[in-house]
Amino acid sequence: MRYVSPGREYARDTRYLTTRITADGREGFPVEAGRYRLVVARACPWASRAVIVRRLLGLEEALPMAVAGPTHDDRSWTFDLDPGGRDPVLGIERLQEAYLARDPDYDRGVTVPAIVDVPTGRVVTNDFARITLDLSLEWRAYHRAGAPDLYPRALRPEIDALNQVVYEEVNNGVYRAGFAGSQEAYASAYERLFARLDLLGERLAASRYLVGGTITEADVRLFTTLVRFDAVYHGHFKCNRRKLSESPVLWAYARDLFQTPGFGDTVDFDHIKRHYFLVHDDINPTGIVPAGPDLSGWLAPHRREALGGRPFGDGTPPAPVRPEEAVPPEHTPLPSRPHTLR
């Protein structure tokens, strides 16, 4: 599989399945506990958004999750982590099967996150930007007691505007640098990326979170790029003006979130590295996966609490991760915590 088109800028295919699952079922798919399956890969930053939001809101029972392996081929993500290489609920080996069940002529990206309607085995949506907003807005009946408001009504215009800029210049900006097909395309992406990171650092120097005094959707979206930066984007995608760990404000901000329940406890650094360094074989033809970086720094004190703010506002942290969804201890610097029933 080739990710770089020589002589061209990278352009992401954004032709997503935009059907929504809503509280009133107006598009044919009502919110129902247990009806759907959220398919993710911990390697993928877009899927990681959904994993974090689902956990912060306490939707584990209402929206069960399937985790694909960290690598895929030209056809699809696969369920090679499950016994027999099949998802135990959907009964499929490849996520592609759920896309083709919806449309036998489907010719777009087989991407995660995807939400599958279990009774029919068909993908409902893979519109990652809308999925997390709908988990906040449409799935409220199933939020845990104490769930944070990740998309406060009064702050939505500011969150939306910031999310759009962060998507274009940071979330997708690292890909535009990494998959650039010319020196000029790479230079443009590189400059835009670090110019925006500089501005975000200035913004966060005086504010613990991006918008308001609590965690919001904006923090989730920036975090999933920052947490991959030193492990992948700095070297593999040539985003090497400096490491995240060499950016005092952004590094402290990222550590603050990583150490907040619901963020770092969903991150699998082994899956992240194996995905990028093995799947992108036109960038890394040797298939060698780096041994580093040292992950212990993620647990260093961040001292961001001095800026004020409360991560969950009037809410509470989520309970420890359920054993069946825990990241293997060798894939994370976080100490394991015993699960307690809610």
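**Reading the helices, rings and backbone**

Modeller: Gladly. This is a predicted model. Let's start with a helix pair: helix H1 (residues 45–57) packs with helix H7 (residues 217–226) at an angle of about 140°, and their axes are 9 Å apart.

Colleague: Why give those two values?

Modeller: Two packed helices are described by the angle between their axes and the distance between the axes. An angle over 145 degrees would count as roughly antiparallel; at about 140°, H1 and H7 are therefore oblique to each other. Their crossing is right-handed.

Colleague: Which residues of H1 and H7 make the contact?

Modeller: On H1, Pro45, Ser48, Arg49, Ile52, Val53 and Leu56 take part, and they meet Glu217, Val220, Arg221, Phe223 and Thr224 of H7. As you look at the spacing, recall that an α-helix has 3.6 residues a turn, so residues three or four places apart point the same way.

Colleague: Next, helix H3. How many of the 10 residues in H3 are buried?

Modeller: Here we look at relative accessible area, with under 20% counting as buried. Seven of the 10 residues in H3 (residues 128–137) are buried, so the rest of the structure largely encloses this helix. The buried ones are Phe128, Ile131, Thr132, Leu133, Asp134, Leu135 and Ser136. They pack against H1, H7 and helix H4 (156–171), as well as strand S3 (114–117) and strand S4 (122–125).

Colleague: And the aromatic rings? How do I read a pair of them?

Modeller: Look at the distance between ring centres and the angle between ring planes. The count here comes to 27 aromatic pairs. One of them is tryptophan 139 with tyrosine 142, a tilted pair at 6.4 Å centre to centre with 55° between the planes. Tryptophan 139 counts as buried, at 1% relative accessibility, whereas tyrosine 142 is partly exposed at 33%.

Colleague: Which arrangement do the rings of tyrosine 233 and phenylalanine 237 have, and why?

Modeller: Planes under 30 degrees apart count as stacked. The planes of tyrosine 233 and phenylalanine 237 are at 15° and the centres are 5.4 Å apart, so this pair is stacked. Both tyrosine 233 and phenylalanine 237 are buried. A charged side chain can also sit over a ring: arginine 12 lies over the face of tyrosine 175, at 4.6 Å from the ring centre.

Colleague: I noticed tryptophan 251. Is it buried or exposed?

Modeller: Tryptophan 251 is buried, with a relative accessible area of 15%. You will find tryptophan 251 in helix H9 (residues 248–258). Leaving aside residues up to four places away in sequence, tryptophan 251 touches Leu244, Ser245, Gly297 and Trp298.

Colleague: Finally, the backbone. Where are the cis peptide bonds?

Modeller: The angle to read is omega. A cis bond joins valine 112 and proline 113, with omega about 5°; proline 113 is in the loop between helix H2 (96–102) and S3. Another cis bond joins glycine 292 and proline 293, with omega about 0°, and proline 293 lies in the segment after helix H10 (269–279).

Colleague: What about phi?

Modeller: Look for a positive value in a residue other than glycine. Lysine 238 has phi near 60° and sits in the loop between helix H8 (229–233) and H9, where lysine 238 is partly exposed at 41%. Arginine 303 also has a positive phi, of about 60°. Arginine 303 lies in the segment after H10 and counts as exposed, at 60% relative accessibility.

Notes:
Residues numbered from 1 in each chain as written. Predicted model: local features only at pLDDT ≥ 70, side-chain atom pairs only at ≥ 80, totals over all residues. Heavy atoms only, no water. Phe/Tyr/Trp six-rings, centres within 6.5 Å; stacked < 30°, edge-to-face > 60°. Buried < 20%, exposed > 50% of the residue type's maximum accessible area, 1.4 Å probe, protein only. Lys NZ or Arg CZ within 6 Å of the ring centre and 35° of its normal. Axes fitted to C-alpha atoms, helices over the stretch in contact; angles between N-to-C directions. Helix = DSSP H or I, 4+ residues; strand = E, 2+ residues; numbered from the N terminus. Parallel < 35°, antiparallel > 145°, perpendicular 65-115°, else oblique. Left-handed = near helix turned anticlockwise from the far one by under 90°. Contact = heavy atoms within 4.5 Å.
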